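Q: I would like a close look at one part of this structure. Please keep it brisk and residue by residue.

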Amino acid sequence: MFITFEGVEGSGKSTQAKLLAELLTKIGHKVTLTREPGWGSFGELMRKIILDERDLELDPFSELCLFCADRAQHVRDFIKPKLQNGEIVICDRYFDSTVVYQGYGRKLDKRLVNKIAVASTLDLIPDVTFLLNLPVRAGLSRLQTRGEITKMDEEPLEFHELIRQGYMLIAKREPHRIKKINADREILEIHEDIKNFILELIPS
Ligand code: TYD
């Protein structure tokens, strides 16, 4: 089973992905937790170019291609082999991030972005995607108390609003795969919802 987490900056995806991984491990599953962008040595380079190089102003199309290149390697060299090995893979961000950030945030042609983003999955679409839904301001203020700030986090508020709207639209388009979770609550309350949903799909 392949599970992904999505959401605006500071929505608590990483914390929830980790809690879910711990829960599934505890009940006896083999679980791999990973994230995008930045898996492996190729991904580390990509991540540095896309998110850390303050002096490099990337064209949105270059940015799109780099995120997708990172993903194709991640899927082929890491995620697919783990799934073939019978493991549950949980990924913090995946192709929906590209659809939303590059399509809605960077305003590239949405159909083109969708095509390239889907192609970068090498036909691996998640079984379930948890979309942690939180007002943009709440997420950004949570970021202030966290260490690492990337170029993307520094984008203006309007950019992040577009991201949130984009997520809402894709969730509407694919209600069977994308499960919206109210992330404006305590960590354990949010986890409880995710846990209940997943345990119905994966009997313990
Ligand atoms: P990261 O530091 O991993 O933070 P987060 O906790 O938000 O996941 O930053 C990744 C950033 O890259 C994040 O702002 C979303 C963005 N991104 C895209 O724009 N397109 C993509 O395809 C992916 C995977 C991420």
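Which space is taken by the ligand?

A: The ligand takes the space of the largest pocket (more than half of its atoms lie within 2 Å of the pocket's grid points). This is a predicted model, in which local features need pLDDT of at least 70, side-chain atom pairs need pLDDT 80 or more, and totals for chains, interfaces and linings use all residues. Residues are numbered from 1 along each chain as its sequence is written, and side-chain values use heavy atoms, without hydrogens or water.

Start with the space. The largest pocket has a volume of about 720 Å³. (On a 1 Å grid over the protein atoms alone, a pocket is an open set of points with protein on both sides within 12 Å along at least five of seven lines, a cavity is a set where a 1.4 Å probe fits but cannot get out, and lining residues have an atom within 4 Å of a point; volume is the space filled by probe spheres on points joined across faces, edges and corners.) The lining of the largest pocket has 35 residues, and E9, K13, S14, R93 and R146 are the closest to the pocket's centre. By class, the lining of the largest pocket holds 13 charged, 11 polar and 11 nonpolar residues (Asp, Glu, Lys and Arg are charged; Ala, Val, Leu, Ile, Met, Phe, Trp, Tyr, Cys and Pro are nonpolar; the others, Gly among them, are polar).

Now the ligand. The side chain of E9 places an N or O atom 2.6 Å from a ligand oxygen. K13 has a polar side-chain atom 3.0 Å from an oxygen atom of the ligand. Q102 has a polar side-chain atom 2.8 Å from a ligand nitrogen. On its own, the ligand has 540 Å² of accessible area, and the protein covers 97% of that (Shrake-Rupley method, 1.4 Å probe).

R93 sits in the loop between β3 (88-92) and α4. Its phi is near 75°, a positive value in a residue other than glycine.

The peptide bond from E36 to P37 is cis, with omega near -5°. P37 lies in the loop between β2 (31-35) and α2.

For contrast, take the second largest pocket. Its volume is about 200 Å³. It is lined by 13 residues, and E57, L58, E63, R106 and K151 are the closest to its centre. The elements that give two or more residues here are α2 and α3. This lining has seven charged and six nonpolar residues, but no polar ones.

Key
Helix = DSSP H or I, 4+ residues; strand = E, 2+ residues; numbered from the N terminus. Polar contact = N/O pair within 3.5 Å; in protein donor to acceptor, adjacent residues only side chain to side chain.
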